[in-house]
Amino acid sequence: MANGEYFFLVFLVAIVVTRLLLATRKMAKPTIKGFRLRHYMYGMVLIAFGYFFNNLTVFAIGSGLFADEIPLIIIKGPGHKDEYWRGCEDYYTPWCVAGILIIILVVYTFRNTIAALI
């Protein structure tokens with residue numbers, strides 16, 4: 001399997017697993033002195049580690065976590081605090097689903113270029 005296809009597969013699995021967890025489990029988000037950690041924040045850290053250590057798998061997982069929350073941030077802004085308590089239903093609005101599908105399409109189109117960065 002070429003690096004681009006591997007990157008895209010891991011990226012896609014990260015998004016699917018994240019969406020399934022959001023839909024099926026009510027998990028309390030970690031909070032540090034009132035600051036809630038979100039999965040895009042973990043994604044940014046994993047992207048940095050993956051890039052720094054030349055690890056395509058970690059980079060792809062981080063990219064998937066980060067990309068999964070981009071449409072919601074664009075729609076609601078970075079301060080979207082209450083979607084957890086409403087059952088994460090904002091992740092499944094038509095705009096958010098369309099946004100993640102567009103991101104997936106763009107990443108698929110440029111998968112080889114992105115994988116070559118690592």
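A residue is called buried when its relative accessible area is under 20%, exposed when that value is over 50%, and partly exposed in between. In the predicted model described here, E5 has a relative accessible area of 32% and is therefore partly exposed. The secondary structure consists of five helices and two strands, which follow one another along the sequence in the pattern α-β-β-α-α-α-α.

The crossing in which α1 passes α3 is right-handed. A14, a residue of helix α1, is buried, with a relative accessible area of 11%; although A14 and S63 are separated by 49 residues in sequence, their C-alpha atoms are 8.4 Å apart in space.

Side chains of opposite charge can pair when their charged atoms come close. Under the rule that a side-chain nitrogen of Lys or Arg must lie within 4 Å of a carboxyl oxygen of Asp or Glu, two salt bridges are counted in the model. One of them joins R19 to D68, with the closest N and O atoms 2.5 Å apart, and this pair links distant parts of the chain, since R19 belongs to helix α1 and D68 to helix α3, 49 residues away. R19 is buried at 10% relative accessibility, and D68 is likewise buried, at 0%. The other pairs E5 with R111, where the closest N and O atoms are 3.4 Å apart. Because E5 lies in helix α1 and R111 in helix α5 (residues 111-116), this bridge ties together parts that are 106 residues apart in sequence. R111 counts as buried, at 14% relative accessibility, whereas E5 is partly exposed.

On the surface, M1, Y6, L9, V13, V17 and L21 form a nonpolar patch, with about 540 Å² of accessible area together.

The loop between α2 (39-52) and α3 contains N54. The phi angle of N54 is near 55°, a positive value in a residue other than glycine, and N54 is exposed, with a relative accessible area of 57%.

Technical notes
Residues are numbered from 1 along each chain as its sequence is written. This is a predicted model: local features need pLDDT of at least 70, side-chain atom pairs count only at pLDDT 80 or more; totals for chains, interfaces and linings use all residues. Side-chain values use heavy atoms; hydrogens and water are left out. Patches are made of residues with over 30% relative accessible area and no salt bridge: like charges are joined within 9 Å, nonpolar side chains (Val, Leu, Ile, Met, Phe, Trp, Tyr) within 5 Å. Accessible areas come from the Shrake-Rupley method with a 1.4 Å probe; for residues, only the protein chains shown count as cover. A crossing is left-handed if the near helix is turned anticlockwise from the far one by less than a right angle, and right-handed if clockwise. Helices (H or I, at least four residues) and strands (E, at least two) are DSSP runs, numbered from the N terminus. Buried means under 20% relative accessible area, exposed over 50%, partly exposed in between (1.4 Å probe, protein chains only).
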